Amino acid sequence: MSAPVKLGFVMLAHAELGRVEQLARYFAGFDCPVVIHIDRKTPQGEFTALQTRLADQPLVHLMRVHKCGWGLWSMVAATLDAAQALLDRFAQVTHVSLVSGDCLPLRPLDRLLDFLGAHPDTDFIESVTVSDVPWTIGGLQQERFTLRFPFSWRTRRKLFDKYVEIQRRLGVRRRVPKGLVPHLGSQWWCLTRRSLEAILEDPRRAEFERYFARVWIPDESYFQTLVRRVSTQIESRSLMLSKFDTQGKPFVFYDDHLDLVGQSDCFLLRKVWPRADRLYAQLLDPALGAPEHGPSDPHRIEQTFEEAMQRGREGRPGLFMQSRFPSDTWQSGKTAAPYFAFQGYDEVIEGFAPWLAQRSGARVHGHLFDWTEVQFAEGVRCFNGGLSDAVSLRDYNPQAFLTNLIWNSRGEPQCFQIAPYDRQDLNDYMMWDPNAHISIITGAWALKLFRSDLPFRDARREAAWMQKVEDHFLGQLRRRGLPSRVRVTSLAEFVADPVGQLQDVLDQMTPVSQRRLAAPPPLVDLAGFGGFLQALKNAGMKPYLTGDFPLDTAGLGQPTTPAKPYLVT
């Protein structure tokens, strides 16, 4: 038979006193005494108003003694004073649980009382040795017990860091009080009256307090260490569901976590958003508590929070966040979805962009990285997510421009044209992006020059420059281990089999092709192009990236017309 249990609560609070009142009334409704320590930084008027509202609750006592600071001794001092007041005022209390003002019961409190009755002599407190578990996030694993920390890490960070550095240089090493083995654990515990009284009445308490007053974050080590001196039976776990992110900050629970927290085997929940009305309504209903779906599954909760922490470390591919700028060492990917970059296709195919958009269902832009303009599809000036066609804005951060374009159009494949005569800023970024599909018709830039009205001397100079730029890009794409998907074909190979080449492109974009291509879209007029290439060769510039074009293009399915006469000077 379970032993009779009288559970009391020590509550630390500093804000949202309306929610604090709700929680205190809930505990008192189960005949559980509550002592609430309100941070002295909370305005006196708010404290007095809460006292007035709770005047009808004889089991609730309020105090406002300490100004509490994160990671400072004041948190432990407030806990000690409140615990002493609870034991002094309510002699029938057999167990004491430490909670905060933003906690909630996960299950009706009578279940916790039954559980404690079945384990009347057990102290439930997470307590692990420093050397065995990497508890601390951000360093100071061992040093928190051997250095002094008189300054707040949050409010006086420069002094904190400088003082630590000075102590390290001087070789400072504090002695741990004799007989103590430092332990760490969650701040939130449930102790038996016998153990808590032993800690409060320890003849060496003043010595221990002097030591822990200069330990970093003593609320995670004071009770966790001293309970090992006095307890006869410890179960090293907290009855509170509380999770922390990669920066050591507690996860906040919202209304949509209700089903998830029901999988926990804990009895209390921290930290709950004060506007989570559904959570408060359900969990503070004595008859309800968290919804249960069969046996508890704490592994599922651990997995969920591990995934959340991984998301916090690595981010979502393609999303720029205020709190974390993407980094090559963090990101699991550069962009959010697959996209397609085409080089040379719009030079060879008449009306390539509208043809591809119709065949693939993708959004097909022009040259997004042209030197003088941003060619959004359909000529729009502002694209999804407020992306402007202003060249200066694009060039301020081309990677962010592309990343935002893909992120803001997820679900609709994005295609755009690239060329040797465009900006080359993004070549390296794209080829290391697993979402990039790069298709290149080498030497197609020569068609642009062939169809232009440039004097031949200028055309030759431009051809040499474009070939050099494209050849450098191709050399980069030949690296081993590139995650991007690259498809390269020469202009001569493409013109020899345009249907097969374009079918491969469409299959890459839509793996289950609805229809096979029966005929290619209209290609540009290649009549005389072979003569242009020969003229470049005669002028000492060999256009080797175009492939082996015959002087007469009749064999390529193009009409035969006399080649333009090029004067080589």
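Q: Which residues form one aromatic cluster?
A: This is a predicted model. The cluster is made up of Trp73, Trp189, Tyr211, Phe212, Tyr222 and Phe223.

Q: How many aromatic pairs does the structure hold?
A: A pair of aromatic rings is described by the distance of the centres and the angle of the planes. The structure holds 32 such pairs. One of them joins Tyr211 and Phe212, with 5.1 Å from centre to centre and 80° between the planes. This pair is edge-to-face, because planes over 60 degrees apart are classed in that way.

Q: Are Tyr211 and Phe212 buried or exposed?
A: Residues under 20% relative accessible area count as buried. Tyr211 has a relative accessible area of 5% and is therefore buried; Phe212, at 1%, is buried as well.

Q: Why is the pair of Tyr254 and Trp273 tilted?
A: The ring planes stand at 50°, with the centres 5.5 Å apart, so the pair is tilted. It links distant parts of the chain, 19 residues apart. Tyr254 lies in the loop between strand E11 (240-241) and helix H9 (258-261), and Trp273 in the loop between strand E12 (268-269) and helix H10 (277-283). Tyr254 is partly exposed, at 34% relative accessibility, and Trp273 is partly exposed, at 37%.

Q: Over which ring does the charged end of Arg19 sit?
A: The charged end of Arg19 sits over the ring of Tyr280, 3.9 Å from the ring centre. Likewise, Arg423 has its charged end over the ring of Trp371, 4.6 Å from the centre of that ring.

Terms used:
Residues are numbered from 1 along each chain as its sequence is written. This is a predicted model: local features need pLDDT of at least 70, side-chain atom pairs count only at pLDDT 80 or more; totals for chains, interfaces and linings use all residues. Side-chain values use heavy atoms; hydrogens and water are left out. Rings of Phe, Tyr and Trp (its six-membered ring) pair if their centres lie within 6.5 Å; planes under 30 degrees apart count as stacked, over 60 as edge-to-face and the rest as tilted. Buried means under 20% relative accessible area, exposed over 50%, partly exposed in between (1.4 Å probe, protein chains only). Helices (H or I, at least four residues) and strands (E, at least two) are DSSP runs, numbered from the N terminus. A charge sits over a ring if NZ of Lys or CZ of Arg is within 6 Å of the ring centre and within 35 degrees of the ring normal.
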